[in-house]
Amino acid sequence: MSSSDYWEPYSAERLETARSEGRAVLANMTAAWCITCLMNEKAVLSSTEVSDALERLNVVALKGDWTNQDPRISELLAKYGRTSVPLYLLYPADGGDAKILPQILSQDDLLQELENAVDSPLSTGVTQ
């Protein structure tokens, strides 16, 4: 899998479908003019390690483009108390609430978060 072909266009419907399948979802709300977004894309999100992890863990990766202030993405930003991008959300496979990831991503932290989202206590029956 190449570094960027795992992204699907964000829609609330696709998010719900993936969640109903019991899959973890990484949602990336970005914009062409967002310098932080572009930095994260280049340094972390397009890395071979991240794309390999997404494939191995069967995580759905959704990208929402807010360049032209898409109202569906504005609604999602507002839901999470944000007024702009980047917004990175990681929905666990167990159907729990989304975790808001830092605006500046690190590859190691993202890889760990992806593992946690797939192997969360609710989905394995293990309590912490």
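V44 sits in helix α2; helices here are DSSP runs of H or I with at least four residues, and strands are runs of E with at least two, numbered from the N terminus. The model is predicted: local features need pLDDT of at least 70, side-chain atom pairs count only at pLDDT 80 or more, and totals for chains, interfaces and linings use all residues. Residues are numbered from 1 along each chain as its sequence is written, and side-chain values use heavy atoms, with hydrogens and water left out.

**Overall fold**
- The chain has 6 helices and 5 strands.
- Along the sequence they follow the pattern β-α-β-α-α-β-α-β-β-α-α.

**Burial**
- Of the 128 residues in the chain, 44% are buried (under 20% relative accessible area; exposed is over 50%, partly exposed in between; 1.4 Å probe, protein chains only).
- V44 has a relative accessible area of 4%, so V44 counts as buried.
- V44 and I104 are 60 residues apart in sequence, and their C-alpha atoms are 9.6 Å apart in space.

**Surface charge**
- D5, E49, D52 and E55 form a surface patch of negative charge (residues with over 30% relative accessible area and no salt bridge, like charges joined within 9 Å).
- E55 belongs to helix α3 (residues 48–57).
- E55 is partly exposed because its relative accessible area is 46%.

Definitions and conventions: Patch = residues over 30% accessible without salt bridge, like charges linked within 9 Å, V, L, I, M, F, W, Y side chains within 5 Å. Areas by Shrake-Rupley, 256 points an atom, 1.4 Å probe, with all protein chains shown as cover. Salt bridge = Lys/Arg side-chain N within 4 Å of Asp/Glu carboxyl O. Lys, Arg positive; Asp, Glu negative; His and termini not counted. Charge placed at Lys NZ, Arg CZ, Asp CG, Glu CD.
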